[in-house]
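Subject: Structure handover

Hello,

Please find the structure below. My notes on what was found in it follow.

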Amino acid sequence: LQISQFYSISSSQISEENITGGRQDNGSLAIIGDQEVALNPGDGMITHIDYAEEEYIYTSTQNGGIYRLFNAEEFTIISENIPGGQDQNTSPKGSWLTPYTIDPNTSTTLYAGYDHVYVSYDRGDFWYNISISSPEFGDDLIKYLTVSKSDPLYIYVGWEDAIMMTDDGGVNWYDITGSLPVDNSSISSINVDPSNELNLIV
């Protein structure tokens, strides 16, 4: 009997039998058809399967190491391509469970949250800082990140005590924490309504 604690689970939108998951202390795991494939050792964190081309799988380790696999074999550390280097072997700058996601409309586009928000338009080969113009970024590590399906220019990021958003793809950012009771409770997750970019679930 194998028992694991999962940080995340992701399923293919093409083949229902293909799933991945990140497990504490036991690495990330993929089930491809009837085969079990180990994706990475150590702490397995957030995993994603490309919804348009399921041959591409993403997995991550603690503090922001992000990896891309093709056919569960070809292995690339794409977080090393982020300006400054964000892999766990090069002074990591991500939170323990560093958030990253696939754009819900364009599967070759990725977003990742470290001290700033980064976007890649080519599955992680090159990254661009889209929050560099906002002075609110750069100190605290981002914990949550979600991108709107109805309008991908709307991106939301969060910490335990604050939420910020952009409605123009990162040119301008706004603090929308408002009256959330962050003085006596902590934000634990954020998700944007897939049918309305203005509705955020906290």
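Residues are called buried under 20% relative accessible area, exposed over 50%, and partly exposed in between. By that rule Glu160 is partly exposed, because its relative accessible area is 38%. Bear in mind that this is a predicted model.

Salt bridges

Glu160 matters here for its partner: its side chain meets that of Lys143 in a salt bridge, 2.8 Å from N to O. The pair links distant parts of the chain, with Lys143 in the loop between strand 12 and strand 13 (144-147) and Glu160 in the loop between strand 14 (155-158) and strand 15 (163-166), 17 residues apart. Lys143 also counts as partly exposed, at 34% relative accessibility.

The count of salt bridges comes to 4. Among them is the pair Arg123 and Asp50, at 3.4 Å from N to O. Arg123 lies in the loop between strand 11 and strand 12 and Asp50 in the loop between strand 5 and strand 6, so this contact ties together parts that are 73 residues apart in sequence. Both Arg123 and Asp50 are buried; for Arg123 the relative accessible area is 10%.

Arg123 also forms a salt bridge with Glu53, at 3.0 Å from N to O. Glu53 is in the loop between strand 5 and strand 6, 70 residues from Arg123. At 34% relative accessibility, Glu53 counts as partly exposed. Through shared partners, Asp50, Glu53 and Arg123 are joined into one network.

Surface patch

Tyr121 is in the loop between strand 11 (117-120) and strand 12 (128-129). Tyr121 is exposed, because its relative accessible area of 54% is over the 50% limit. Together with Phe126 and Tyr128, Tyr121 forms a nonpolar patch on the surface, with about 380 Å² of accessible area in total.

An open sheet of 4 strands runs in the order 5-6-7-8, with antiparallel pairing. Strand 5 (48-49) and strand 8 (74-77) are at the edges with a single partner strand each, so one side of each has no neighbour in the sheet. Strand 5 is joined to strand 6 (residues 56-61) by 2 bridges, and His48 stands opposite Tyr58.

Strand 2 (residues 19-23) pairs antiparallel with strand 3 (residues 27-32) over 5 bridges. These two form a hairpin with 3 residues between them, and Asp25 in the turn has a positive phi of about 65°. Strand 3 also pairs antiparallel with strand 4 (residues 35-40), over 5 bridges. That hairpin has 2 residues between its strands, with Gly33 in the turn at a positive phi of about 65°.

Regards

Technical notes. Residues are numbered from 1 along each chain as its sequence is written. This is a predicted model: local features need pLDDT of at least 70, side-chain atom pairs count only at pLDDT 80 or more; totals for chains, interfaces and linings use all residues. Side-chain values use heavy atoms; hydrogens and water are left out. Two strands pair if DSSP finds at least two bridges between them. Patches are made of residues with over 30% relative accessible area and no salt bridge: like charges are joined within 9 Å, nonpolar side chains (Val, Leu, Ile, Met, Phe, Trp, Tyr) within 5 Å. Accessible areas come from the Shrake-Rupley method with a 1.4 Å probe; for residues, only the protein chains shown count as cover. Buried means under 20% relative accessible area, exposed over 50%, partly exposed in between (1.4 Å probe, protein chains only).
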